[in-house]
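Could you read the points below beside the coordinates?

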Amino acid sequence: MATTAATNTRYLVRSQGSPLTASTNPAPTTADLKPTEVLVRLRAVAVNPADYKMIDSGHRVQSWPLVAGLDGAGEVAAVGEQVSRFRVGDGVLAAFATGERSGSFQDFAVVEERMVAKKPELWSFEEAASVVVCYITALVGLVKGLGLRPPFLPSQDTTSSPIKSVLVLGGSSAVGAAAIQLLRLSLPPEATILATSSPRHHRHLEEYLGASKAVDRSSKSLVQDVQQLTPDGHGVDAIVDAVGAGAGSDGIFDVLRTDGLQRYAQVWTGDEEVSVLSRVDSVLFRSRDLPSIDGHEEVLRALEKLLEEGKYKLPLPVKVVDGRGLAAFESGLGLVRNGVSGEKVVVRL
Ligand SMILES: NC(=O)c1ccc[n+]([C@@H]2O[C@H](COP(=O)([O-])OP(=O)(O)OC[C@H]3O[C@@H](n4cnc5c(N)ncnc54)[C@H](OP(=O)(O)O)[C@@H]3O)[C@@H](O)[C@H]2O)c1
């Protein structure tokens, strides 16, 4: 079994709100791995809103210094003795976890085998790095938030859902773009999947991700626009709010048909929970709710299969930050802090 004797550069934050600092230490080796763990040599890392929110607010940070980073792709550098799906040198993408050992803002990070998937051969590391957090978050939104049973997870199926129509708020966000695809895979083919975004992303949502129709998120007649696009004009059964848009859209709950599920699944943005009309059933979802869903240990294996079969596509184009290392990480964080539109910011290592 291979070992590494390499140097690991970490891009860490020493205290809340501080800039990143580069720090070097010896990379972990096989001897540092638990039997079910994989050591990944990261080649590309996506910056998520959660990264800058943790750095800036300190929310949910257990201790400083902080090694942020939840998304990333690279090569397997070492495997624990019980790891069976991966070998040293395999190209992989994975769900990392903030912290010294497993945060992806560093050259080498350790992750459980069940949270790793093989990188599609034709994808770059930059593309592969952009996929996992939004996939997991959207999947939790569908299962926990809408009560769906995606057929690509073990012992799930599409037969029992009362949902025939859904509105995704924020279809051009990473979570929204993942949600549209996963809804298309989880609902019967005739289901109506609507999504809001700026008009320039409408083609991507409709022709590439599989939305039935995209709606201008700034339309003054948003509720009517959505209602008119549903088969009988009475609105949708459920909303997936991928960006917390419900907070700024008075009256958005009128898109929910009164004889339907009236479910509002809202991603946790770190801000206050969006309050809803009393008739609406609101469910908050977060990626860290993953362990509460049936089949949670299989979600990366399921993603790998969906990618292999071409059923799940790169949700958004990636914007690769110029350069590498510290300055690139700071630029990437700056871009995401300022707000992105229909793309995923990725830093190379
Ligand atoms: N708690 C968790 O586990 C978890 C996990 C992942 C994400 N999140 C949270 O979920 C949110 C989305 O994350 P992300 O990475 O997917 O975000 P993102 O890709 O950075 O979101 C940017 C997109 O949001 C869209 N948008 C913003 N306001 C909108 C509105 N009022 N209506 C419709 N679209 C709107 C923009 O659309 P246009 O450019 O088309 O206008 C833009 O494309 C963030 O708040 C993030 O912190 C939480």
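1. Leaving out residues up to four places away in sequence, His202 touches Ser197, Ala214, Val215 and Asp216, where contact means heavy atoms within 4.5 Å. His202 belongs to helix α5, residues 202–209; helices here are DSSP runs of H or I with at least four residues, strands are runs of E with at least two, and both are numbered from the N terminus. With a relative accessible area of 15%, His202 is buried, a class that means under 20% relative accessible area, while exposed means over 50% and partly exposed lies in between, using a 1.4 Å probe and protein chains only.

2. A word on the basis of these values: this is a predicted model, in which local features need pLDDT of at least 70 and side-chain atom pairs count only at pLDDT 80 or more, whereas totals for chains, interfaces and linings use all residues. Residues are numbered from 1 along each chain as its sequence is written, and side-chain values use heavy atoms, with hydrogens and water left out.

3. Ile163 is placed in the loop between α3 (132–145) and β8 (165–169), and its relative accessibility of 0% makes it count as buried. Apart from neighbours within four places in sequence, Ile163 is in contact with Leu146, Leu148, Leu187, Asp237, Ala238 and Leu261.

4. Some backbone geometry deserves a check against the model. Most residues other than glycine have a negative phi, and most peptide bonds are trans. The peptide bond from Trp64 to Pro65 is cis, with omega near 0 degrees, and Pro65 is found in the loop between α1 (49–57) and β4. Arg60 is found in the loop between α1 and β4 and has a positive phi, near 65 degrees; at 45% relative accessibility, Arg60 counts as partly exposed.

5. Gln262 likewise has a positive phi, near 55 degrees, in a residue other than glycine, and its place is in the loop between β11 (238–241) and β12 (263–267). Is Gln262 buried or exposed? Its relative accessibility is 11%, so Gln262 counts as buried.

6. Which strands pair with β3, given that pairing requires DSSP to find at least two bridges between two strands? Strand β6 (residues 108–112) runs antiparallel to β3 and is joined to it by 5 bridges, with Val111 as the bridge partner of Val38. Strand β4 (residues 71–79) is also antiparallel to β3, through 6 bridges, and there Gly74 is the bridge partner of Leu42. Strand β15 (residues 344–348) pairs with β3 in the antiparallel sense over 3 bridges, and Val346 in β15 stands opposite Ala46. Strand β3 itself covers residues 37–46, and because 9 of these 10 residues are buried, it is largely enclosed by the rest of the structure.

7. Helix α7 (residues 299–308) is mostly covered, 7 of its 10 residues being buried. The buried residues are Val299, Leu300, Ala302, Leu303, Glu304, Leu306 and Leu307; a reader may wish to look at Glu304 in this list. The elements that cover them include β5 (91–95), β7 (116–118), α3 and α4 (174–186). After α7 comes Gly310, with a positive phi near 70 degrees.

8. For the chain as a whole, the secondary structure comes to 8 helices and 15 strands. The radius of gyration, taken over C-alpha atoms, is 20 Å, which agrees with the value near 20 Å for a compact globule of 349 residues, the globule rule being 2.2 Å times the number of residues to the power 0.38. Along the principal axes the C-alpha trace spans about 65 × 40 × 35 Å. Buried residues make up 56% of the 349, and among contacts with a separation of 6 or more, 69% are between residues 24 or more positions apart.

9. The protein exposes about 14,800 Å², of which carbon and sulfur atoms supply 47%; accessible areas come from the Shrake-Rupley method with a 1.4 Å probe. The 36 positive and 41 negative charges have mean positions 2 Å apart, counting Lys and Arg as positive and Asp and Glu as negative, without His or the chain ends.

Methods: Two strands pair if DSSP finds at least two bridges between them. The place of a charge is taken as NZ of Lys, CZ of Arg, CG of Asp or CD of Glu.
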